[in-house]
Amino acid sequence: MSWRGSGRSSFRSRSSGNGGSTFSGGSAGGPPLIVMMGLAFGAGLIMLIVMIASNASAGGFVAAGPRPTAIPRPTATPRPTPAPAAAQPTRPPAAQAANAPGGSNVVNETPNRTIEVRADPNALAFVEKSLSVPANTVVRLDFINENNLGVQHNWVLVNGGDDVAAAVNTAAQNNADGLFVPPPDTPNALAWTAMLNAGQTGSVTFRTPPPGTYLYICTFPGHYLAGMKGTLTVTQ
């Protein structure tokens with residue numbers, strides 16, 4: 001009886017001397033242990049959040065999320081391709097051969113003198129309406145078709161006045177296949193250039209006839225009749 005009683009008394013006294021259970025408080029009346037663990041966990045969580053925020057502001061942490069879509073650059077507008085230049089009308093070989101300098105006084109010699117004659121830019125006329133050269137001189141005549149009307153011209157020296165010029169002009173009008181230049185061996189046609197398009201230059205080299213006055217004309221249809229002519233004076 002005495003052994004059992006003393007045993008229980010001793011167990012109870014030891015339990016009450018510890019000051020309570022582990023989760024109810026310490027022996028000195030301090031805060032419960034679970035409260036202290038909660039405070040420690042909260043402090044650690046706050047420190048973790050502060051570290052994450054610091055890394056993100058310093059560029060060490062990039063928040064997950066969709067990347068921004070790149071804005072496409074404007075496409076350059078292609079430049080228009082320039083239209084090809086209009087092709088010049090081609091002439092049959094026969095017409096090219098017929099449309100060549102010629103005349104009874106044409107020579108293949110080195111010229112002693114060069115003369116320039118131009119077509120009037122805005123009229124059916126020659127700019128140089130009179131020329132003067134010595135007799136028995138090898139002359140190279142450069143004819144420039146500066147006409148702005150887009151018409152063709154040539155230069156033809158005839159052996160005589162208007163009556164002879166009219167006959168040479170008629171022979172040229174009938175030579176449509178030769179682009180209205182005088183046919184070879186046309187009587188009294190001393191020298192002529194090719195029929196030129198606007199903007200072209202043609203030359204003919206000839207020996208001047210004996211002293212006298214000679215006409216030069218354009219044999220394109222209608223031009224001589226419109227007054228496209230000039231005078232060549234050959235001196236001693």
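Strands are DSSP runs of E with at least two residues, and helices are runs of H or I with at least four, numbered from the N terminus. Two strands pair if DSSP finds at least two bridges between them.

This is a predicted model, where local features need pLDDT of at least 70, side-chain atom pairs count only at pLDDT 80 or more, and totals for chains, interfaces and linings use all residues. Residues are numbered from 1 along each chain as its sequence is written, and side-chain values use heavy atoms, with hydrogens and water left out.

Q: What makes β2 and β8 a pair?
A: Pairing asks for at least two bridges, and β2 and β8 (residues 229-235) have 5 bridges, in the parallel sense. In one of them, Ser132 is the partner of Thr233 in β8.

Q: Why do β2 and β5 count as edges of the sheet?
A: The open, mixed sheet of 5 strands runs β2-β8-β7-β4-β5. β2 (130-134) and β5 (189-192) each have a single partner strand, so one side of each is left without a neighbour in the sheet.

Q: Why is Asn145 called buried?
A: Buried means under 20% relative accessible area (exposed is over 50%, partly exposed in between; 1.4 Å probe, protein chains only). Asn145 has 0% relative accessibility, so Asn145 counts as buried. You will find Asn145 in the loop between β3 (138-144) and β4 (156-158).

Q: What is the confidence in the chain?
A: On pLDDT, the predictor's confidence in each residue from 0 to 100, the protein chain averages 80, and 67% of the residues score at least 70. Over residues 1-28 the pLDDT is below 50. Where pLDDT is low, the predicted coordinates should not be read in detail.

How values were computed. Contact = heavy atoms within 4.5 Å.
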